[in-house]
Amino acid sequence: MRLRSLSLATAFGAALLAAGLLPAHASASPAPRSAQEGTVSAADLLAKVTSCSQISHGKYRTDDETSATVPVCGKNGAVFWKADMDIDCDGQRTANCNEDRDPWYQDDTAFHQSDGKPLKAESLPYVVVPSASGIWDYSGAGIKGGGVVAVIYNNKVEYAVVGDTGPTNIIGEASYATAKALGIDPDPATGGADSGVTYILFKNSKVSPIENHSAAVSLGNQLAQQFLQNN
């Protein structure tokens with residue numbers, strides 16, 4: 001839930017590294033996983049989102065300094081966008097998600113675990129949606145907290161949940177765990193992906209409890225199969 005600047009992130013990370021406050025390996029990209037989640041391939045999902053029927057009243061920026069180029073698109077049973085991935089480390093404090101590692105850290109998330117506590121960005125794959133505005137209102141489109149999202153990058157599919165909300169004019173953000181699972185550098189200050197990430201959000205879906213990732217994978221795989229059949 002932050003306004004992110006890539007140039008600031010780079011400068012901040014370099015300063016920490018120079019000061020010896022950030023381990024030298026922290027910004028290195030983790031090794032890609034050997035397998036994707038579920039049985040639906042990235043190629044099959046991407047084949048259904050080659051064209052955009054825009055449902056947003058305008059477009060989003062991917063970062064503070066970029067122009068607004070990203071629309072929210074509609075499909076049968078889903079909405080989608082193609083953007084970058086900034087790293088959200090908000091929620092419960094953990095070894096890699098805290099004030100010392102993340103200059104934009106906040107100790108809460110828009111949606112909470114079943115016990116009322118904020119989500120854990122380091123361990124739970126989740127996606128950030130833009131807060132409701134005149135551009136687009138996610139809830140009006142059938143997108144809920146805990147809704148299932150298929151996140152696609154580099155021919156991998158990772159199932160996540162809608163876990164947080166962000167700025168009203170910026171799109172393209174997901175949790176530390178989402179990035180790590182997709183082989184994207186998850187460092188909150190210097191990581192992320194500049195482009196090439198597709199987010200498919202399934203309408204009227206909800207994982208309960210929200211923190212159950214295996215439930216998200218199971219439901220996500222079913223919804224992905226339906227998505228292929230209905231589009």
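Which residues of the largest nonpolar core touch the most other members? The legends below take up this point in a predicted model.

**View 1. The largest nonpolar core holds 59 residues.** Trp81, Met85, Trp136, Tyr199, Ile200 and Phe202 touch the most other members of this core. At least two core residues come from each of α2 (42-47), β2 (78-88), β3 (126-130), β4 (148-153), β5 (156-166), α3 (176-181), β7 (193-202) and α4 (213-230). The element that gives the most is β2, with seven residues. In soluble globular proteins, nonpolar side chains tend to be buried together.

**View 2. Strand β7 is largely enclosed by the rest of the structure.** The reason is that seven of its ten residues are buried. β7 pairs with β2 in the antiparallel sense, over seven bridges. In β7, Leu201 has Val79 opposite. β4 and β7 also run antiparallel, joined by four bridges. Here Val151 stands opposite Tyr199 of β7.

**View 3. Tyr199 and its contacts beyond four places in sequence.** Tyr199 is in contact with Val79, Phe80, Trp81, Ala83, Asp84 and Met85, among others. The list also includes Val127, Val149, Ala150, Val151, Gly172 and Glu173.

**View 4. The whole chain has four helices and seven strands.** From the N terminus on, the order of elements is α-α-β-β-β-β-β-β-α-β-α. Of the 231 residues, 52% are buried. Among contacts between residues at least 6 apart in sequence, 75% join residues at least 24 apart. The chain exposes about 9500 Å², and carbon and sulfur atoms supply 49% of this area.

Note on methods. Residues numbered from 1 in each chain as written. Predicted model: local features only at pLDDT ≥ 70, side-chain atom pairs only at ≥ 80, totals over all residues. Heavy atoms only, no water. Core = buried A, V, L, I, M, F, W, Y, C linked by side-chain atoms within 4.5 Å. Buried < 20%, exposed > 50% of the residue type's maximum accessible area, 1.4 Å probe, protein only. Contact = heavy atoms within 4.5 Å. Areas by Shrake-Rupley, 256 points an atom, 1.4 Å probe, with all protein chains shown as cover. Pairing = 2+ DSSP bridges.
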